[in-house]
Amino acid sequence: MQQEPHEAQPPGEAATPLIALRGVRASLGGRPVLHGIDLSVGPGEVVALLGANGSGKSTAVRAAVGQVPLAGGDLDLFGTPVRRFRDWARLGYVPQRSTAASGVPATVREVVASGRLARRRLLPLRRADREAVHRALDLVGLADRAGDSAGALSGGQHQRVLIARALTSDPEALVMDEPLAGVDLASQRLLAETLRALAARGTGVLLVLHELGPLRPLIDRAVVLSGGRVERTVERPELAAGEDEHHPCHPADEAEPAAGYPLRTGIL
Ligand SMILES: Nc1ncnc2c1ncn2[C@@H]1O[C@H](COP(=O)(O)OP(=O)(O)OP(=O)(O)O)[C@@H](O)[C@H]1O
């Protein structure tokens, strides 16, 4: 990973969003899931996507990284319409754990190094790459497990390996789907420190979260989805009054309207 800041915007000019969804609609299995999502992440911004189970958070971030075709609306990445965008190495993505945990017969180091290949374009890894892999593993507290089989890790450790893989490619925008799921508090704090440092040098971060947890002070904007739409947006949720850190984000499943969503989420 480089330590230099990403390219700065000329003074006086509004920064081009790294990720911009405008009126995005998407269907899965023939069923409309997103009904017109507006969302943007600028350089150095940390944006949290919240909402009940089934509200469309994963679909929205998968749409944002080009994994779900758009049924309508626009997606721009680094100012380029997605249909013309090719520079995928600028975008890091950590998928939801359940969709990523496969029985890959590789060491932890190899899994993390695969994140570097996007930058190397399949050339052999050099010393700088190996150092970047080590740094990324150190950042997630797993440097001592580099030689272990990835299959021998716990669920939370596996999640941290996926985070390290995304970090090692030094992305300018980082999209993470529930990075805190199954990750212990000490590792959540490590992740918070890492994201703070990345944002400070211009990396934009989009996170699906159930609870803000130790990431709360970093969040510039929280976007709450409900039924595939943006229900509300809250700037700097850390500053919002009446919060309860430990209250779950989504008390009800979207499929159970009787449970009374939207309730107070406890997050915002
Ligand atoms: N492959 C699929 N085919 C059809 N429908 C799908 C598919 N994947 C998800 N859906 C539906 O799309 C809706 C949104 O799902 P999504 O996974 O985006 O929600 P989410 O907000 O991320 O939920 P969670 O908090 O449970 O992860 C849900 O109603 C879900 O049932």
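Residues are numbered from 1 along each chain, following the sequence as written. Because the model is predicted, local features are described only where pLDDT is at least 70 and side-chain atom pairs count only at pLDDT 80 or more, while totals for chains, interfaces and linings use all residues.

**View 1. The whole protein chain and the predictor's confidence.**
The protein chain has 6 helices and 10 strands; these are DSSP runs, numbered from the N terminus, with helices being H or I over at least four residues and strands being E over at least two. Of its 268 residues, 40% count as buried. Here, a residue is buried if 20 or more other C-beta atoms lie within 10 Å of its own, exposed if 12 or fewer do, and partly exposed in between, with C-beta atoms placed from the backbone. Two residues are in contact if their C-beta atoms, placed from the backbone, lie within 7 Å. Among contacts between residues at least 6 apart in sequence, 71% join residues at least 24 apart. The average pLDDT (the predictor's confidence in each residue, from 0 to 100) is 81, and 78% of the residues score at least 70. Over residues 242-268, pLDDT stays under 50, and the model has 51 contacts beyond four places in sequence for this stretch. For the complex, the predictor gives an ipTM of 0.97 and a pTM of 0.83.

Helix α4 covers residues 127-139, and its 13 residues should span 18 Å at 1.5 Å a residue, which agrees with the 18 Å between its end C-alpha atoms. The expected span is 1.5 Å times one less than the number of residues. Ala-132, Val-133, Ala-136, Leu-137 and Leu-139 are the buried residues to look for in α4. Seen down the helix axis, they fall within an arc of 160°, so they line one face of α4; the arc is that of the directions from the axis to the C-beta atoms. Turned away from that buried side are the exposed residues Arg-127 and Glu-131. After α4 comes Gly-141, with a positive phi near 75°.

**View 2. Helix α6 and what covers it.**
With 16 residues (185-200), α6 reaches 22 Å from its first C-alpha to its last, close to the 22 Å expected. Its buried residues are Ser-187, Leu-190, Leu-191, Leu-195 and Leu-198. Down the axis of α6 they fall within an arc of 130°, so they line one face of the helix. Their cover includes β3 (46-51), α4, α5 (155-168), β7 (173-177) and β8 (204-208). On the other side, Leu-185, Ala-186, Glu-193, Ala-197 and Ala-200 are exposed. Gly-202, which follows α6, has a positive phi near 105°.

Leaving out residues up to four places away in sequence, Ser-187 touches Val-140, Gly-141, Gly-156 and Arg-160. Val-140 is 47 residues from Ser-187 in sequence, yet their C-alpha atoms are 6.7 Å apart. Leu-198 is buried too, with 24 other C-beta atoms within 10 Å. Beyond its neighbours within four places in sequence, Leu-198 is in contact with Leu-174, Thr-203 and Val-205.

**View 3. Two residues with a positive phi.**
Most residues other than glycine have a negative phi. Asp-170, in the loop between α5 and β7, has a positive phi near 55°. Is Asp-170 buried or exposed? Asp-170 is buried, because 23 other C-beta atoms lie within 10 Å. Arg-236, in the segment after β10 (229-235), has a positive phi of about 45°. Arg-236 is exposed, with 12 other C-beta atoms within 10 Å.
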